[in-house]
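This report describes a single protein chain, moving from individual residues to the whole fold.

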Amino acid sequence: MHKQDAISLDQLCPKINNKYWRDSLHKLTKYQCIYCGKPSESIDHIYPKSKGGKSITSNCIPCCLSCNGKKSDSEVLNWYRDQSFYDPRRSMAIRAWINNDLKLASVLLDYIK
Ligand SMILES: [Zn+2]
């Protein structure tokens, strides 16, 4: 596909583009919740939308509905530290994600089995 085509597709089909983007996030965590490892069913805004958090990759993380609901508007790393499923490697992956180092986040998650 030419670059020109991609741009016009973005403009014509923002919803489709949004779906591809969401899928690409889930793929990075292998469709697992970054917090607890259950199937990821939603995208969590790390810095909440209600506080001005943007819908950009470094602020949007795949997680399960349970974690998304429990975390709510809490500061992510503080909240995560208090969870029964806390894992320091996941904490590092979350930090890498926030720093927009998705490759590192994905590698760290690969070590957790
Ligand atoms: Zn979860």
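Tyr86 is located in the loop that joins α4 (76–81) to α5. The model examined here is a predicted one. With a relative accessibility of 33%, Tyr86 is classed as partly exposed, because that class covers the values between 20% and 50%. Once the neighbours within four places in sequence are set aside, Tyr86 is in contact with Tyr80, Arg81 and Ser91. Lys30 is 56 residues away from Tyr86 along the chain, and the C-alpha atoms of the two are separated by 19 Å.

Asp87 also belongs to the loop between α4 and α5. Is Asp87 buried or exposed? Its relative accessible area is 14%, and Asp87 is therefore buried, since the limit for that class is under 20%. Apart from neighbours within four places in sequence, Asp87 is in contact with Tyr80 and Ile112.

Arg90 is part of helix α5. Although its side chain is charged by the convention that counts Arg as positive, Arg90 has a relative accessible area of 8% and is buried. Which residues does Arg90 contact, leaving aside its neighbours within four places in sequence? The list contains Gln32, Cys33, Ile34, Tyr35, Cys36 and Gly37, together with Tyr80, Leu109 and Ile112. Between Arg90 and Val107, which are 17 residues apart in sequence, the C-alpha to C-alpha distance is 11 Å.

Asn100 is placed in the loop between α5 and α6. Its phi angle is near 65°, which is a positive value in a residue other than glycine. Most residues other than glycine have a negative phi.

**Helix α6**

Helix α6 comprises residues 102–110, and within it Leu102, Ala105, Ser106, Leu108 and Leu109 are buried. These residues cover an arc of only 160° around the axis, so they are on the same side of α6. The buried residues of α6 pack against α2 (14–28) and α5 (88–98).

Beyond its neighbours within four places in sequence, Leu102 is in contact with Leu28, Thr57 and Trp97. Leu102 and Leu25 are 77 residues apart in sequence, yet their C-alpha atoms are 9.2 Å apart in space.

**The loop between α2 and β1**

Pro39 is found in the loop between α2 and β1 (42–45). It has a relative accessible area of 57% and is exposed, because the exposed class begins over 50%. Not counting residues up to four places away in sequence, Pro39 touches Tyr31, Gln32, Cys33 and Cys64. Pro39 and Cys64 are 25 residues apart along the chain, and 6.1 Å separates their C-alpha atoms.

Tyr31 lies in the loop between α2 and β1. Tyr31 is partly exposed, with a relative accessible area of 42%. It has a positive phi of about 60° although it is not a glycine.

The accessibility of several residues discussed above is collected in the following table.

| Residue | Relative accessible area | Class |
|---|---|---|
| Arg90 | 8% | buried |
| Asp87 | 14% | buried |
| Tyr31 | 42% | partly exposed |
| Pro39 | 57% | exposed |

**The protein as a whole**

How many helices and strands does the protein have? Its secondary structure consists of six helices and two strands, and their order along the sequence is α-α-β-β-α-α-α-α. The radius of gyration is 15 Å, close to the 13 Å that the globule rule gives for 113 residues, so the protein is as compact as a globular protein of that length. Along the principal axes, the C-alpha atoms fill a box of roughly 45 × 30 × 25 Å.

Of the 113 residues, 37% count as buried. Among the contacts with a separation of 6 or more, 47% involve residues 24 or more positions apart. The accessible surface amounts to about 7,200 Å², and 55% of it belongs to carbon and sulfur atoms. Finally, the protein carries 18 positive and 11 negative side chains, with the centres of the two sets 1 Å apart.

Definitions and conventions. Residues numbered from 1 in each chain as written. Predicted model: local features only at pLDDT ≥ 70, side-chain atom pairs only at ≥ 80, totals over all residues. Heavy atoms only, no water. Helix = DSSP H or I, 4+ residues; strand = E, 2+ residues; numbered from the N terminus. Rg over C-alpha atoms; globule rule 2.2 N^0.38 Å. Buried < 20%, exposed > 50% of the residue type's maximum accessible area, 1.4 Å probe, protein only. Contact = heavy atoms within 4.5 Å. Areas by Shrake-Rupley, 256 points an atom, 1.4 Å probe, with all protein chains shown as cover. Charge placed at Lys NZ, Arg CZ, Asp CG, Glu CD. Arc of directions from axis to C-beta.
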